[in-house]
Amino acid sequence: MPNKPFAITLNVGSSLANKTGSWRTERPVYVDRLPPCNNACPAGENIQGWLYQGEEGGDGYYRAWHQIMLDNPFPAIMGRVCYHPCETVCNRAQLDTAVGINSVERFLGDEAIKQGWTIEPDAPPSGKKVLIIGAGPSGLSAAYHLTMLGHKVTIADSGRAPGGMMRYGIPKYRLPRDVLDAEIARILDMGVTLGLNRTVRNVADEMAAGGFDAAFLAVGAHIGRRAYIPAGEAAHILDAVSVLRSMEGEQKPLLGRSVAVVGGGNTAMDVARTAKRLGATDAVVVYRRTRDRMPAHDFEVEEAIEEGVEMRWLSTVKHADAGKLLIEKMVMDEAGFPQPTGDFEELEADSLVLAMGQDADLALLDGVPGIEADDGVVKVNQAMMTGHPGIFAGGDMVPDDRTVTVGIGHGKKAARNIDAWLRDSRYEPGHKHEVAHYDKLNTWYYADAPATVRPTLDIARRTSTFEEVVGGLDETNALYEARRCLSCGNCFECDNCYGVCPDNAVVKLGAGNRFEFNYDYCKGCGICVQECPCGAIEMEPETI
Amino acid sequence: MPYQPIKFYQTGSFVVGNRLLDQNERSVQSDTERLNSLTSGHRACQGCGEALGARYALDAVAKATGGRMIAANATGCLEVFSTPFPETSWRIPWIHSLFGNAPAVATGIAAAMHAKGRDDIRVVGQGGDGGTIDIGFGCLSGMFERNDDVLYICYDNEAYMNTGVQRSGATPPAARTATTQAVGPNPGNVFGQGKDMPRIAMAHEIPYVATATVAELRDLEAKVERAMSFRGARYIHVFVPCPLGWGSSSNDTIKLARLVKETGLFPVFEAEHGEVTAVSKIRRRIPVEEYLRPQRRYAHLFGEHGHPETIERIQALADRNIARYALLDDLPDSLKPPGSAVGRQVRWQSEDLSEQTSAMAILTETTGAH
Ligand SMILES: Cc1cc2nc3c(=O)[nH]c(=O)nc-3n(C[C@H](O)[C@H](O)[C@H](O)COP(=O)(O)OP(=O)(O)OC[C@H]3O[C@@H](n4cnc5c(N)ncnc54)[C@H](O)[C@@H]3O)c2cc1C
Ligand SMILES: Cc1ncc(C[n+]2csc(CCOP(=O)(O)OP(=O)(O)O)c2C)c(N)n1
Ligand code: SF4
Ligand code: SF4
Ligand SMILES: [Mg+2]
C-alpha cells in the first residue's frame, strides 16, 4: 500500500454501503385516509381536495371551484342553504372550531359567478336521451352530470321558473334569487332543454312520446300536510308551502298583523321569519314539544328568535277562530311524548299557518308497472332505480333526508348509474378508505386559529327587508379559513417526515409528488408516523 | 424562539416545510438539496435523537457557511456510529481525536485556518454531554475564555450512552443509569448535583449561547444561523432523546423533546454576552409526569411502589425554570427574574388571534396573496 498516507490501510468508504434497512421489523408506508368531512358530504364533494387548492389563493380558487363542480354544480347555493354536515364532523372542531367549509364554498361559488367561470362538457355524445321530471336541485344535478357524461337531457317542470323548493320554499333572505338563477343558467347553458309549465301526468307516456331511453324523477314533496284542527268558519288557515310559494308570485300572501305557525321544523322558522318581514308585529311558533326536540336547526331557531319570532314550546292549537286561537299547554311524559294538561290559554292570531311537513304527489306514476311506493315515497335500489327498469328517482320523493344537498347527491348518483345502465354496464363506486379520525392526527403541529365568523346583517335591517341575512367572506378571510383545514388523512406535503427521519430514509419527490421511503436505510423507528400531522403514514409489520 | 413564526398556514411554522411558503422562507431540512452532512447507513440506534440533532445543526451550519466548514468531534455515540473504519457517514471535513479534547482540537483548527488566511472556513466542535460537560469541560472553558472562533455544539442525551448509559454531569435527578441504579430509598440519580452547562457558558460572557431541542427544527436552525453571524466562541446545547439509554420507544424521540420543553424542565432560550435575550414560551403547559412516564429510566417513580414525592421534586425543578426564564406568558412581572430581557420572543399564547386585522396583515404579508 505504498500510495496511502501514514497508518492508513484501506480506502475511505461511505456508510452508504451499510444498508441499515435490514434492522427493520416494521416498515412505514404512506396511506390515504378518508377525511371525515368528505365522508359526511351528501353530495360526495372532495372537500379537503378543494380546500387544498383554495389554500393557494389566486388561480387556486378556480381549481378549487372546479374540484367542487366535479361533484356538485351549486357551490354558491350550497354556501347558503346546505346544512353542512361536513362541519359537524370536522376534526378541527376538537381543536378549536370547525373549518368554515360552507363559507369558503360560498366564497368560491360567488367568485365563479363574478368571474363567469363555466364548465365545458367534453364527453363524446352518447346519442342517448334522458327525461328528467322536476327542475329542483335533484333534477338539475342529474341533468348536469348526465350532460357531462355525454347524454342529451330534457327537463320538464310544472313551475314557472326552475329551482323547485330552492325557489318556491327557501326564502330569498337566505338564498338570493340572482345567485339561484346564475347557477341554474350555467347548467342550462351546457345544452340542457328545459320545458316550464309542463306538468307530467304519466311518466311512461311521456317517455314513449319523446323517445327517451331513461328517466329520472325528482318531483319533490309539495303537498302540505294538513292536521285536523277544529275551527270556526272565519278562521284563516293556510299551509306553509303555499305561503312560501306565493312569495314568488305578484300577490304576496295576506297574513295579518299577528301570525301563528304550527310546527317545529325549518319550514316553520322560514314562514315565521317571512311573516315578520311582511310586517307582522307578532309571529309565534307553536310547537308541541320542547326546544331541544325541534327538528329545526339550532341556527335557524336562533336567528328567528333574534328577529323577534316568539316561541311557544309545549303547546298545541285546540281551536281556531277568527282573530284568535285556543292553545293547550302540554307536558312531556316519561317516555318523552307530549301529553295534554287541560290548561288553556288564548292567543291572538289573524292567521294560522300549518308547517307540518310535506308529502310527494306520485300521481304521475299511477299504473307504471314495477313502481313501489311506501309511506308516500318511492322505493329505489342502490342504483337509485325504481322497480321499473330505466326509471330512476331521487330527492324528496325517495326515502332519505330531505335537503337540497341530499337531493343533489341523489342526482349525481342517479346520473352515474343511468350512464352505466345506458351503456349496459354497472356503476362501481370507488373504494372507500378508512376514515381519518381525530386520534390519527398529531395536532401539535397545527397553529391555533379560530374560525372566521361570517358577518350577519344587523337585526333591524333583516326583519324589515328580504335582503340576505348571512354575509360572505372576503378574499383574505376565505384564504385564512381554507388554510385552517388539517388535511386529515392525506399528505399535504408539510415535509415533516422528510425532516424528522434520523436516517435520511425519506425521499422528497418534489411539489405535488409527495414522498417515498428508501427502505435500504429506513430502520423502522416510526418517528415519521408519530410526527405526521395528518395521519398519512402507517406502520406495517415487515414480512420476513 | 428567535424566528418569526408564520401563521395560519394550517401548521404555521411548526412543521419542517410548507408548500405555501416562499423558497427562501423554508427550513434547511425541507430542501431537497440539503447537504445531509450525516448521511444514511450510520449505525445509530433506531430513532436516535443525536443523529437527528447533528444533521439538523450541521446542515444549517453548511447552509450558513456555504459549505466552508470543518468539524471536530469528541468520542461518543456520534463519533462511533458515524465512522467505523473505513466507512464514514460524514459529508463534511470532519476529525476525531479524543473523548476530552474536541474543543481544543477545534481551537487548533481555527488557529490554523487563521494562520493560513482562511478565516472564511468556519469551525464547529461537537460532542455528547459527557465529552462536553465532564471530561472536555476544561478544554471547553478555555476555548470560551480565549473567545476562540468556534461554534461548539453539545448533543445532550443526559448520560454516557456509548459505553452503556453511565451517569454524566448532565444526568437529571432520579434518572436510572447503569451507575445510578433504581435501588434504595432515593433510587436513581441524586438531586442537587450536576452542571447546568448553558448557564456556565453564559458565565463566560461569550457572544452567543443558546439551547434547543430536536422537536423545534425552525428554532434550532435559526439559532445556528444566528450563531454563525458572530465571530468568537459560541455554544449551542441541543436536547436529544436517546431511546436506548432512556428506555423510550424509538418513535417517541421528537415527542419527548417536545414534552420536556412544555414541562419547563428544559428551558429553551438564547443569550448574548451573558444576558438572556429571548426565551421560547411554553405553548401548552403539562405536568412533568407526562414527560417522565414514557421513559423506563423513570419507571421506578410510578406504580404501586412509586415515588410521588420525587415527582413533586422534579415538578419543583420545572417550576423553578418557568419562573427563572419566564417561560409562561401570564407570569406576573413580580415573578419575572430581574434582568431577564425577553426580547425577540413570540407570544403564541397571549396574542389575540381573533383580531382578524392584524392576523390578516401577517397572512398577506407572508403570502403576497391578493
Ligand atoms: C321552506 C323550506 C325551506 C327549506 N330550506 C332548506 C335549506 O335551507 N337547506 C336544505 O338543504 N334544504 C331545505 N329545504 C328542503 C329542500 O328544499 C328540499 O329537500 C329539496 O328542494 C328537494 O329537492 P327535489 O329536487 O327533490 O325537489 P323540489 O325542490 O321540490 O323540486 C321538485 C320540482 O319538481 C316539479 N314537479 C313536481 N311534480 C311535477 C310534475 N308532475 N311534472 C313536472 N314537474 C313537477 C316541481 O315544480 C319542482 O320544481 C327546505 C324546504 C322547505 C319547504
Ligand atoms: C479518556 C476516555 N475515557 C473514556 C472513554 C470511553 N468513552 C467513550 S464514549 C464515552 C461516553 C460518551 O458519552 P457522551 O459524551 O455523553 O456521548 P454519548 O455517547 O452519550 O453521545 C466514554 C466514557 C474514552 N474514549 N476516552
Ligand atoms: S380539518 Fe379539513 S380535512 Fe379535516 S374534517 Fe375539517 S375540513 Fe375536513
Ligand atoms: S445509544 Fe442513544 S445516542 Fe447512542 S446511537 Fe443509540 S440512541 Fe443514539
Ligand atoms: Mg451523552
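A backbone N or O atom of A:Thr403 sits 3.2 Å from an oxygen atom of ligand 1, which counts as a polar contact here (a pair of N or O atoms within 3.5 Å). This is a predicted model, where local features need pLDDT of at least 70 and side-chain atom pairs count only at pLDDT 80 or more, while totals for chains, interfaces and linings use all residues. Residues are numbered from 1 along each chain as its sequence is written, chains are lettered from A and ligands numbered from 1 in the order in which they are written, and side-chain values use heavy atoms, leaving out hydrogens and water.

Two further contacts join that one. A polar backbone atom of A:Val404 is 2.8 Å from an oxygen atom of ligand 1, and a polar side-chain atom of A:Asp157 lies 2.5 Å from one. On its own, ligand 1 exposes 990 Å², and the protein buries 94% of that (Shrake-Rupley areas with a 1.4 Å probe).

Now for the shell. There are 33 residues around ligand 1, and A:Val81, A:Asp157, A:Arg174, A:His222 and A:Asp396 come nearest (a residue is near if one of its heavy atoms lies within 4 Å). The shell splits into 13 nonpolar, 14 polar and 6 charged residues, with Gly counted as polar. Helix H7 (137–148) and helix H12 (266–277) of chain A each put in at least two residues; helices are DSSP runs (H or I) of at least four residues.

Zooming out, domain 3 (129–223 + 359–422) and domain 4 (225–357) of chain A both give residues to the shell, so ligand 1 lies between them. Those bounds come from an automatic or database domain assignment. The C-alpha centres of domain 1 and domain 4 of chain A are 61 Å apart.

Conventions:
A polar contact is a pair of N or O atoms within 3.5 Å; within protein, one must be able to donate a hydrogen and the other to accept it, and residues adjacent in sequence count only if both atoms are side-chain atoms.
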